[in-house]
Amino acid sequence: MSQQSDHFKKLVAHCKEYGFIYQSSEVYDGLAAVYDYGPYGSELKNNLKQYWWKSMVQMHDNIVGIDAAIFMHPKTWKASGHVDAFNDPLIDNKDTKRRYRADQLIEGFVEKIEAKIEKDVAKAKKRFKENFDEAKYRAESPKLQGYKENIKTIMDRFTSAMKAEDMVELKAIIDDYEIADPESGSRNWTDVRMFNLMFSTQLGNIAGEEGKLYLRPETAQGIFVNFLNVQKTTRQKVPFGIAQIGKAFRNEIVARQFIFRMREFEQMEMQFFVQPGEEMKWYEYWKEARMKWHLALGHPAEKLRYHDHDNLAHYANAALDIEFEFPFGFRELEGIHSRTDFDLTEHQKLSGKKMQYFDPQRNENYVPYVVETSIGCDRMFLATMSHALRTEQVPGQDDPKNTRDVLKLHPALAPIKVAVLPLKRNEERIVKAAKAIYKRLSLSFNCQYDDTGSIGKLYRRQDAIGTPYCVTVDFEHLDDGTVTIRERDSLEQQRVSIDELEKIVAERVDMKQLLAKV
Ligand code: GAP
């Protein structure tokens, strides 16, 4: 097994063992691609949301926040294009009854040919050693040329089929290249058909199509339909933004990578309304600003990259992803989209209500253009956890077997900021003092009091949930009121008074440490 998938398995197990994430309805064997956040998971998720919200709303006087309802008038989704165009091509394997996305099967097949090219180059490199001219070999090897031509033919057919929504052609590609079920190798496929990803439900007192409601597949539309309400009530002037954090729902066909692709998830979206013609300037601005936000967390630059979209969504004139290197490779973490005036114009058409803004400087009315930043909260959680979780040799210990699992979260994100641990759990005076310290600190921070094991075990547990500070209370405290504070990453220990302790912790765990870098 590769190191990457080892790390991913460990991460999933760690999330469950330490109360970060549980499978939804586990007692009934779970519900696929739906997850519950446990005590530490919900704290971490809240901290991530706070980091996003503060950097957007608190730190911009021209961005305001809203909290729109999940249910919206059904016409919303007609106007946005989701009823007609929010589809994935679906295919079933008749033998295994497993369901796949036809586009992903074809892309997976192409990736395999690309891997063959890399394998061949690596073999040639080994064979010819220092005489090897890699660029020449890549350009001239007949075998490699064959692979490349194959890829080009498949991708040309695939791109046109996707553009034309030609399901028959997608099936023909799968048949022509004998693409098999990755799990079983079976090639016994159904036809390909379009599948709409929106979940629907029924309004209680109205039967039939008229009462059909959708669970929102993106939070953005709640912002678009409130655009004028917000602009008028807050007297914002273009350019200005509206931010929102909330649940979104998609009936994903393939959802097999833990919380990466879920059927119920949370988005943090911001729509920035600009003058028509200025959208590319703001697109560049938000592209830079959002990358800075990610880097401020301490994620190494080589784990993050931009990926420009080749095929633009129906509403966009420019789009890119910020990708993160998850344990299973680089994948989309956040989308930056220049959405033109598509959404506001469509809502204007279907509702019959004006969505125009009067620009006092230009003395004219127009429908603003929109640049959107859209990040999945759960994906951000997964990225943060996968970077933070390390198995390392205990600092200062020579024995390589002496390892610990430690969650190196930024202190501002850590679920618990301070753990208060009595050095002797049978010594009443120490326990009483430790509980009093816990009570005092919990006025300011999320704290934990723990006396359920030896001090070594308690430290390991706090390392595993990412607690930046452990405070031990011992006999010396009874004499002089000091405690020992241990820092999670360096394991350095300091003897300090309680007042000093509060100051040290307050400074390090304050969200402003992060926000100052944004
Ligand atoms: N309003 C634009 C929009 O929704 P998107 O690229 O479809 O764009 C934005 O989604 C972000 O939402 C993605 O970058 C991803 O982080 C997150 N996301 C999308 N589908 C998801 C899913 N099924 N599970 C978890 N997160 C998802």
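In which strand is Glu323 found? Glu323 is found in strand β12, residues 318–326, where helices (H or I, at least four residues) and strands (E, at least two) are DSSP runs numbered from the N terminus. The structure is a predicted model, in which local features need pLDDT of at least 70 and side-chain atom pairs count only at pLDDT 80 or more, while totals for chains, interfaces and linings use all residues. Residues are numbered from 1 along each chain as its sequence is written, and side-chain values use heavy atoms, with hydrogens and water left out.

**View 1. Overview of the protein.** The protein has 18 helices and 23 strands, and its C-alpha atoms fill a box of roughly 80 × 70 × 50 Å, taken along the principal axes. Of the 518 residues, 50% count as buried; buried means under 20% relative accessible area, exposed means over 50%, and partly exposed lies in between, with a 1.4 Å probe and protein chains only. Among contacts (heavy atoms within 4.5 Å) with a separation of 6 or more, 66% are accounted for by residues 24 or more positions apart. The protein exposes about 25,600 Å², of which carbon and sulfur atoms supply 49%; accessible areas come from the Shrake-Rupley method with a 1.4 Å probe, and for residues only the protein chains shown count as cover.

View 2. Glu323 counts as buried, at 8% relative accessibility. Leaving out residues up to four places away in sequence, Glu323 touches Lys303, Leu304, Arg305 and His307, together with Phe330, Arg331, Glu332 and Leu333.

**View 3. Arg290 and its partner Glu334.** Arg290 lies in helix α11, residues 279–296, and counts as buried at 2% relative accessibility. The side chains of Arg290 and Glu334 are joined by a polar contact of 2.7 Å, a polar contact being a pair of N or O atoms within 3.5 Å; within protein, one must be able to donate a hydrogen and the other to accept it, and residues adjacent in sequence count only if both atoms are side-chain atoms. Although Arg290 and Glu334 are 44 residues apart along the chain, their C-alpha atoms are separated by 8.8 Å. Apart from neighbours within four places in sequence, the residues in contact with Arg290 include Trp52, Met56, Ile322 and Thr373.

View 4. The ligand is surrounded by 21 residues, of which the closest are Glu218, Arg250, Met262, Glu269 and Glu332; a residue is near a molecule or strand if one of its heavy atoms lies within 4 Å of it. A nitrogen atom of the ligand is 2.6 Å from an N or O atom in the side chain of Glu218, and a ligand nitrogen atom is likewise 2.9 Å from an N or O atom in the side chain of Glu252. Taken alone the ligand exposes 550 Å², and the protein buries 93% of that. The elements that give two or more residues to this shell are β10 (264–274), β13 (329–340) and β16 (369–376), and the largest share, six residues, comes from β13.

**View 5. Helix α13.** Helix α13 (residues 377–388) has twelve residues and reaches 16 Å from its first C-alpha to its last, close to the 16 Å expected at 1.5 Å a residue; the expected span is 1.5 Å times one less than the number of residues. Twelve of the twelve residues of α13 are buried, among them Cys377, Arg379, Phe381 and His387.

View 6. Most residues other than glycine have a negative phi, and most peptide bonds are trans. Val238 and Pro239 are joined by a cis peptide bond with omega of about 5 degrees, and Pro239 lies in the loop between α10 (227–234) and β9 (240–249). Lys97, which is not a glycine, has a positive phi of about 65 degrees; Lys97 is found in the loop between β4 (87–92) and β5 (99–101) and is exposed, with a relative accessible area of 66%. Lys129 also has a positive phi, near 45 degrees, and is found in the loop between α5 (102–128) and α6 (134–140), where Lys129 counts as exposed at 57% relative accessibility.
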